[in-house]
Amino acid sequence: MEAYTIFKSLCIIVIAAKVCGITARKLKAPQVVGEILAGVLIGPSVLGLVDQSDFLAQVAEIGVVLLMFSAGLQTNLRDLVRTGPKAFAVACAGVLVPLAGGTLLYMAFYGASPFGSPEFYRAVFIGVIMTATSVSITVQTLKELGRLSTEVGTTILSAAIIDDVLGIIVLTFVVGMSGGEAHPASVVLKTVLFFVFALAFGFVCYKIFRLADKRWPHTRRIPILGLALCFGLAYAAERFFGIADITGAYVAGVILCSIRDSEYIAEKMDVSSYMLFGPVFFASIGLKTELDALSGELVLFAVGFVLVALLGKIIGCGLCARACRFGWGDSLKIGVGMMTRGEVALIVAQKGLSSGIISSAYFAPVILLILISSVVTPIVLKALFGRDKPPAPAGEKHAA
């Protein structure tokens, strides 16, 4: 391939991703779904305008690292501490139940395999994909209903954040174990060592960035140094600890999420991610989606995948919320609010593909899950909250 042909590919990807993304948003679907479908349309499965290449794969990898860095920057550590054990318990159930459900679903379709075999880790990884929660659509719905600041809304928001942290830890462990050469104790040790290193190194970096933030507030050197930290931790995670690079990127974001200019860093990261790296990453998912591989069995598996993923969150988070003394109605709202999936599910699936755990054929069920959960969740939440007494406007509260 001639070097200059990459510009043609990038031109087509950026235009197609943005057109399809805007169209999806107007149809009340997640923009990322449109960008993924753009990749399917321009890829080998349909129009054949763009082929996969090592260059696009590397740009997509940068994109996924930046997305996880931004996710870490948006983590609110104070909220995590304040919400206490209820949100943590709901988040744990929201990880464990879908994880078990996804594993059993794969084994039901393709047979059980002995512990440690590639098929066993493939089954577990299907469950790992189901653990991620994308709460952005739920948050927007709760805002519209005036319920975001309620105990139910706060629990959903905090549990979703904790859910992502737990999901990253599970992903790290499964990817490490699936290598085949590592002993379970070695994987656990490396994982623990990485987080100990991240805690110590992160504390030092946090102090340095706070000083830099005071001396050069709201200057571009702060985001540049933050980006360097992101790439450095992503490299260190893979190279020295055998941990997924996205884990390092996420930790870098968490380190910087409490400094004064964290939103400014996130804003600058979003510019490059929104314009180039994000669209290339999501379009690359579409490029890798093999429509020819959609057999009747895989279609049935996709239907089961969506049902198990949705019910796993409702049952796991809902029952745990009930055990935490929420009413049955509020418990159901929490379960439904936790069932949306988004970018993190795609990032996890991409990591499984790059690690050789799953094939690209399994992207289709993930895309279907994101689309259905994003459409169904707001509808069901509005129906559930519609039966409650509407919250009093602020003026009425003061008047009382």
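**Note on the predicted model: helices, patches and salt bridges**

1. Val-97 is partly exposed, with a relative accessible area of 33%. On this scale, buried means under 20% relative accessible area, exposed means over 50%, and partly exposed lies in between (1.4 Å probe, protein chains only). Val-97 sits in helix 4, which covers residues 77-110. Helices (H or I, at least four residues) and strands (E, at least two) are DSSP runs, numbered from the N terminus.

2. Some words on the basis of the values. The model is predicted, so local features need pLDDT of at least 70 and side-chain atom pairs count only at pLDDT 80 or more, while totals for chains, interfaces and linings use all residues. Residues are numbered from 1 along each chain as its sequence is written, and side-chain values use heavy atoms, with hydrogens and water left out.

3. The overall picture comes next. The chain holds 16 helices and zero strands. Of its 400 residues, 52% are buried. Among contacts (heavy atoms within 4.5 Å) with a separation of 6 or more, 79% are between residues 24 or more positions apart. The chain exposes about 18,500 Å², and carbon and sulfur atoms supply 67% of that area. Accessible areas come from the Shrake-Rupley method with a 1.4 Å probe, and for residues only the protein chains shown count as cover.

4. Val-97 also belongs to a nonpolar patch on the surface, together with Val-299, Val-303, Leu-307, Leu-311, Ile-315, Leu-319 and Trp-328. Together these residues have about 740 Å² of accessible area. Helix 12 gives the most to the nonpolar patch, with six residues. Patches are made of residues with over 30% relative accessible area and no salt bridge; like charges are joined within 9 Å, and nonpolar side chains (Val, Leu, Ile, Met, Phe, Trp, Tyr) within 5 Å.

5. A patch of positive charge also lies on the surface, where Lys-207, Arg-210, Lys-214 and Arg-260 gather. Lys and Arg count as positive and Asp and Glu as negative, while His and the chain ends are not counted. The place of a charge is taken as NZ of Lys, CZ of Arg, CG of Asp or CD of Glu. Lys-214 is part of helix 8, residues 184-215.

6. Side chains of opposite charge can pair when their charged atoms come close. The whole structure contains six salt bridges, each a side-chain nitrogen of Lys or Arg within 4 Å of a carboxyl oxygen of Asp or Glu. One of them joins Glu-119 and Arg-122, at 2.1 Å from N to O. Both residues lie in helix 5 (residues 118-131), three residues apart, which is about one turn of the helix. Glu-119 is partly exposed because its relative accessible area is 27%, while Arg-122, at 18%, counts as buried.

7. Lys-351 takes part in a salt bridge with Glu-238, where the closest N and O atoms are 3.1 Å apart. Lys-351 lies in helix 14 and Glu-238 in helix 9, so this pair ties together parts that are 113 residues apart in sequence. Lys-351 counts as buried, at 8% relative accessibility, whereas Glu-238 counts as partly exposed, at 36%.

8. Lys-351 also forms a salt bridge with Asp-245, again with the closest N and O atoms 3.1 Å apart. This pair links distant parts of the chain, with Asp-245 in helix 10 (residues 245-256) and Lys-351 in helix 14, 106 residues apart. Asp-245 is buried, with a relative accessible area of 10%. Through shared partners, salt bridges join Glu-238, Asp-245 and Lys-351 into one network.

9. Gln-350 is also in helix 14, which covers residues 343-354. The relative accessible area of Gln-350 is 8%, so this residue is buried. Leaving out residues up to four places away in sequence, Gln-350 touches Phe-281, Ile-285, Lys-288 and Phe-363.

10. His-218 has a positive phi of about 55° although it is not a glycine, and His-218 lies in the loop between helix 8 and helix 9 (221-241). Arg-325, likewise not a glycine, has a positive phi of about 75°. Arg-325 is placed in the loop between helix 12 (296-323) and helix 13 (328-337). With a relative accessible area of 79%, Arg-325 is exposed.
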